[in-house]
Amino acid sequence: MLVKKVNNNWDLFNPWRSVGDLHYDLSSLFDMMNDQLTNSRASYPKLNVQETDKEFIVQAFLPGCKKEKINVQVLSNYLTISATREDNPKSDDEKYLRKERSFGIFEESLNLPSKVQNDNITAEYKNGILTVTLPKLENKITSVKVL
Amino acid sequence: MTKEIEKKLEYVTFTPPVDIVEKSDGLDIFLDVPGACQECLDVNIEDNVLSIKAETNTKYNDKFIKYERAFSLSDDLAADKTSAKVEDGQLKMHIPKNEEAKIKRITVT
């Protein structure tokens, strides 16, 4: 999950700031609890988001998917990854002793904190992980001459 | 000592979900281990305990992902004939049943 915390001078004097902080603290507490609960059960992470100076790297954990069934869409700075995973065909003489893996539709969307170069986005699927690299849009600084 | 602890902190361990399917000729075991390649997987059977370990090169929250899971096997399985294959982050194993353990159905006439 991407969390953008704004800290500017105006924010310091905003009386509602502590309410926002409380909301942030509570939601991170719930995230932590959720992580611990899911960690004790069988699982692997869903998404991993990293940010470097030049790009965002989003990794989606999609074991056993076919490349053709993975769809990556970017609309301005909103990224959507969707994929379909099909279960192995089951024959009559088989009996499940344990079934923990999930199949079906996977969909995750996230809002990137800044705009990306929509023409240079790359995606690679390897070892069950989809890695989407989104280069950031460079902010051009124009200096204006004072006449 | 501190170095040992530091090294432990570099990893985050997950328990991969499993599907176990019983067939007439043995067991099929499927594990979801996204990010695990052929070289980083370590599958062992010792004293009828099947243990699967994988140390991946994939990071999650700045720590490398590690997978660990173990199962105890029943005696009617031929553990020495286990085959394993990893593809697209899915580990597929097959453990055949012992010859004696295969059920022989006798038709009553």
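Within strand β5 of chain B, Lys53(B) is the bridge partner of Asp42(B). The structure is a predicted model, in which local features need pLDDT of at least 70 and side-chain atom pairs count only at pLDDT 80 or more, whereas totals for chains, interfaces and linings use all residues. Residues are numbered from 1 along each chain as its sequence is written, chains are lettered from A and ligands numbered from 1 in the order in which they are written, and side-chain values use heavy atoms, with hydrogens and water left out.

The secondary structure of chain B comprises one helix and eight strands, arranged along the sequence as α-β-β-β-β-β-β-β-β. Helices (H or I, at least four residues) and strands (E, at least two) are DSSP runs, numbered from the N terminus. Strands are taken to pair if DSSP finds at least two bridges between them. By this criterion, β4(B), residues 41-46, pairs with β5(B) in the antiparallel sense over six bridges. The hairpin of these strands has two residues between them, and Asp47(B) takes a positive phi near 50 degrees.

β5(B) also pairs with β6(B), in the antiparallel sense and over nine bridges. In this pairing, Ala54(B) stands opposite Tyr67(B), and Val49(B) has Ser72(B) as its bridge partner. Two residues separate β5(B) and β6(B) in their hairpin, where Asn61(B) in the turn has a positive phi of about 50 degrees.

The covered face of β5(B) consists of Leu50(B), Ile52(B), Ala54(B), Thr56(B), Thr58(B) and Tyr60(B). Its uncovered face carries Val49(B), Ser51(B), Lys53(B), Glu55(B), Asn57(B) and Lys59(B).

Buried residues (under 20% relative accessible area; exposed, over 50%; partly exposed, in between; 1.4 Å probe, protein chains only) account for 40% of the 109 residues in chain B. A nonpolar core is a set of buried Ala, Val, Leu, Ile, Met, Phe, Trp, Tyr and Cys residues joined through side-chain atoms within 4.5 Å. The largest such core has 28 residues, and those with the most contacts inside it are Ile29(B), Leu50(B), Ile52(B) and Tyr67(B). Two or more residues each are supplied to this core by β1 (11-14), β2 (18-23), β3 (26-32), β5 (49-60), β6 (63-72) and β8 (90-96) of chain B. β5(B) gives the most, with four residues. Apart from this core lies another, of 18 residues, which include Leu47(A), Ala60(A), Ala83(A) and Leu110(A).

Contacts are defined by heavy atoms within 4.5 Å. When residues up to four places away in sequence are not counted, Ile52(B) touches Leu31(B), Leu41(B), Asp42(B), Val43(B), Tyr67(B), Glu68(B), Arg69(B), Phe71(B), Leu91(B) and Met93(B). In chain A, Ser82(A) lies in strand β4, residues 78-85, and is buried, with a relative accessible area of 18%. With the same exclusion of residues up to four places away in sequence, Ser82(A) touches Lys69(A), Ile70(A), Asn71(A), Phe106(A) and Glu107(A).

Over all chains, the structure holds 13 salt bridges, a salt bridge being a side-chain nitrogen of Lys or Arg within 4 Å of a carboxyl oxygen of Asp or Glu. One of them joins Lys69(A) to Glu86(A), with the closest N and O atoms 3.0 Å apart. This pair links distant parts of the chain, Lys69(A) being in the loop between β2 (55-61) and β3 (70-75) of chain A and Glu86(A) in the loop between β4 and β5 (95-99), 17 residues apart. Lys69(A) is partly exposed, at 37% relative accessible area, as is Glu86(A), at 48%.

Asp87(A) forms a salt bridge with Lys99(A), the closest N and O atoms being 3.1 Å apart. Asp87(A) lies in the loop between β4 and β5 of chain A and Lys99(A) in strand β5, so the pair ties together parts that are twelve residues apart in sequence.

In chain B, Glu22(B) forms a salt bridge with Lys97(B), with 3.5 Å between the closest N and O atoms. Glu22(B) belongs to strand β2 and Lys97(B) to the segment after β8, 75 residues apart. Glu22(B) is partly exposed, at 24% relative accessibility, whereas Lys97(B) is buried, at 13%. Salt bridges that share partners also join Arg85(A), Asp87(A), Lys99(A), Arg101(A), Asp19(B) and Asp32(B) into one network.
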